[in-house]
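Subject: Structure for your files

Hello,

Here is the structure I said I would pass on. My notes on it follow below.

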Amino acid sequence: MEESYGNLSGSQLVGSVPAAISGENRINTPEVAGANLQTFPPAIGGSRGQGYQTIGDTSDAGQQQQTNNWKGVFSVSSYTQYFNVETDIVLNRLLSSLNPVSGDFRQKIDANPDLYGLVWISTTLVFAVAALGNCATYLMNKRSDSSTIWAFDVNYVNVAATAIYGYALIVPLGYYFLLQYMGSAVSLIRVWCMWGYSLFILILASFLLVIPFEILRWILILIAGTSSASFVGLNLRSYIQSDDLNIVAVSAFILQMALSIFIKMWFFA
């Protein structure tokens, strides 16, 4: 009996300890830095960072990032940087908007676009055409009837706010999506910035439209409208990569002219 047990190999005994492998027969397994059960695949050489996270971690991170992005859209603090612009830069851009043939406004706002023009110029234009439109209407009526009494039409403010704010927000947004669809690398903030400054010349023209001479009014609004429309069309064309799509710039020119004529016919008729 003792001989039979003595003839058994060590591997057949329960609880036996396997023989140690000698150093010559040992297989060297490379150790991977940062490898653990939470990452796959692991980083090789430590230069590519961690691998893919577990499914639960990736989902949570994606949901968190998407939530933060949506919070940024509706957060006022996300837009404060576009109002952080110096006065001399704003004045330079206002003067550039009066020279539409230069076509270099895009280069001036590439590094630091702002929403000053979209908000404050549009707001100034709303109150300018509403107030000066009432003055122009009073002066025209006074010429024909000396007994005319001054009366401020509040409806001018409502119409001006709806038309100008709606135009300054929706039209650039529509062209932004159109240019994106055509493959142009364009920024919505830059398109809004350009369209906002294009309205500056209409503010200056509204002061001259108070003059109670109809022919002169039409000449002034056509000059101002052509300048503003050319500014939009030429700068918008710089985002268009194909000459076959110049109709986009032409349509923007027509819409800007339509806004100018609308201001003349509704507020300074």
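Along the sequence, the chain runs α-β-β-α-α-α-α-α-α-α-α-α, with ten helices and two strands in total. Helices (H or I, at least four residues) and strands (E, at least two) are DSSP runs, numbered from the N terminus.

This is a predicted model, in which local features need pLDDT of at least 70, side-chain atom pairs count only at pLDDT 80 or more, and totals for chains, interfaces and linings use all residues. Residues are numbered from 1 along each chain as its sequence is written, and side-chain values use heavy atoms, with hydrogens and water left out.

Of the 269 residues, 33% are buried. Buried means under 20% relative accessible area, exposed over 50%, and partly exposed in between (1.4 Å probe, protein chains only).

Helix 8 has these buried residues: Phe200, Ile201, Leu202, Ile203, Ala205 and Ser206. Their cover includes helix 3 (87-97), helix 5 (116-144), helix 7 (188-198), helix 9 and helix 10 (246-267). Contact means heavy atoms within 4.5 Å. Among contacts between residues at least 6 apart in sequence, 70% join residues at least 24 apart.

The loop between helix 8 (200-208) and helix 9 holds Phe213, which counts as partly exposed because its relative accessibility is 47%.

On cysteines, a search of the whole structure finds zero disulfides (pairs of cysteine sulfur atoms within 2.5 Å). Cys193 is buried, at a relative accessible area of 0%, whereas Cys135 is partly exposed at 27%.

Regards
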